[in-house]
Amino acid sequence: MTAVIFDLDGTLADTSADLLASANYCFRDMGLGDVLTAQDAGVALRGGRMMLRTGLSRVGQLDEAVVDRYYPILLEAYGSAISTHTYLYPGAMNAVETLKSQGFAVGICTNKPEGLADQLLRDLGVRDDFGALVGADTLPVRKPDPEPLFETARRVGRAATDCMLIGDSDTDRNTARAAGVPSILVTFGPAGGDMAALAPEALLNDFAALPGVVAALTSR
């Protein structure tokens with residue numbers, strides 16, 4: 001395994017506050033006020049439609065037609081303030097640079113739309129640190145289908161299965177399982193306490209430990 005592929009939201013960066021703000025913009029437009037709170041960070045990291053569904057369910061007004069109508073509005077609101085509160089997790093880029101110095105190729109495979117992911121990474125000043133970016137709409141399928149992961153590996157110059165996936169959710173675990181490659185799940189995100197139950201090949205409590213975890217999995 002010579003490629004390390006990262007999820008973005010909840011793995012490399014905490015994007016939850018800006019995501020929640022975009023959802024609450026929609027709820028205010030509906031006349032509902034701010035429905036989601038900081039306690040919904042885990043919901044935010046599961047995407048825009050999930051935030052809309054969760055908020056509408058909370059007020060007893062779940063309607064998929066409303067979700068469909070407001071989803072592009074949410075994306076526009078998010079794109080206009082995508083990095084106001086978002087930050088990279090401590091040590092993330094140090095770990096990425098260490099892996100690259102050891103000969104690993106690195107890329108990002110995310111279920112965020114590719115354009116928004118690219119915009120965010122450029123705002124954070126780290127887009128050029130990754131050899132490839134595959135988003136939710138780059139291919140006809142998205143995670144947990146394994147093809148986006150395979151494509152990310154190919155785009156960083158490695159064989160499709162010559163990789164491992166670093167993530168923060170059951171979606172990432174299921175993607176890696178479907179691909180037949182190892183997964184490392186981070187425990188410092190909003191859903192970190194649930195990661196052990198997903199039985200990944202490794203858990204990551206701190207990015208400082210990532211090069212060692214990757215080395216251990218590579219040597220198996």
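**Note on a predicted model: core, sheet and selected side chains**

1. Serine 22 counts as buried because its relative accessibility is 3%; here buried stands for under 20% relative accessible area, exposed for over 50%, and partly exposed for what lies in between, with a 1.4 Å probe and protein chains only. The residue belongs to helix α1 (residues 16-29). Helices (H or I, at least four residues) and strands (E, at least two) are DSSP runs numbered from the N terminus. With neighbours within four places in sequence left aside, serine 22 is in contact with Met51, Leu74, Ala77 and Tyr78, contact being heavy atoms within 4.5 Å.

2. On the basis of this note: the model is predicted, so that local features need pLDDT of at least 70 and side-chain atom pairs count only at pLDDT 80 or more, while totals for chains, interfaces and linings use all residues. Residues are numbered from 1 along each chain as its sequence is written, and side-chain values use heavy atoms, with hydrogens and water left out.

3. Two strands are taken to pair if DSSP finds at least two bridges between them. In general, strands of a sheet pair through backbone hydrogen bonds, either parallel or antiparallel.

4. Four bridges join it to β1, and the two strands run parallel; valine 4 stands opposite methionine 164 in β6. β6 also pairs with β7 in the parallel sense, over three bridges, and leucine 185 in β7 is the bridge partner of glycine 167. Five of the five residues of β6 are buried: Cys163, Leu165 and Gly167 point one way, whereas Met164 and Ile166 point the other way.

5. Which residues have the most contacts inside the largest nonpolar core? They are Phe6, Ile184 and Leu210, in a core of 51 residues. Such a core is a set of buried Ala, Val, Leu, Ile, Met, Phe, Trp, Tyr and Cys residues joined through side-chain atoms within 4.5 Å. Helix α4 (residues 64-80) gives the largest share of this core, six residues. Apart from this core lies another, of 15 residues, among them Ile5, Ala132, Ala160 and Leu165. Leucine 210 touches Phe6, Ala95, Leu99, Ile166, Ile184 and Leu204, residues up to four places away in sequence not being counted.

6. Helix α7 (residues 147-155) has as its buried residues Pro148, Leu149, Phe150, Glu151, Thr152 and Ala153. Their cover includes the strands β1 (3-6), β4 (105-109), β5 (133-134) and β6 (163-167), together with helix α8 (170-179). Glycine 157 follows α7 and has a positive phi, near 85 degrees.

7. Aromatic rings of Phe, Tyr and Trp (its six-membered ring) pair if their centres lie within 6.5 Å; planes under 30 degrees apart count as stacked, over 60 as edge-to-face and the rest as tilted. The count by this rule is four aromatic pairs. The pair of phenylalanine 188 and phenylalanine 207 is tilted, because the ring centres are 5.3 Å apart and the planes stand at 45 degrees. This pair links distant parts of the chain, 19 residues apart: phenylalanine 188 is in the loop between β7 (183-186) and β8 (202-204), and phenylalanine 207 in the loop between β8 and α9 (210-218). Phenylalanine 188 is partly exposed at 25% relative accessibility, whereas phenylalanine 207 is buried at 1%. Ring pairs link Tyr87, Tyr89, Phe188 and Phe207 into a cluster.

8. Two arginines may be noted. The charged end of arginine 49 sits over the ring of tyrosine 71, 4.2 Å from the ring centre; the rule asks for NZ of Lys or CZ of Arg within 6 Å of the ring centre and within 35 degrees of the ring normal. Arginine 127, in the loop between α6 (114-123) and β5, is buried, with a relative accessible area of 16%. Beyond neighbours within four places in sequence, arginine 127 is in contact with Asp118, Leu121, Arg122, Ala132 and Leu133.

9. How many disulfides are counted? The count is zero, a disulfide being a pair of cysteine sulfur atoms within 2.5 Å. For cysteine 109, the nearest cysteine sulfur is that of cysteine 163, 8.8 Å away. Cysteine 109 is buried at 1% relative accessibility, and cysteine 26 is buried at 0%.
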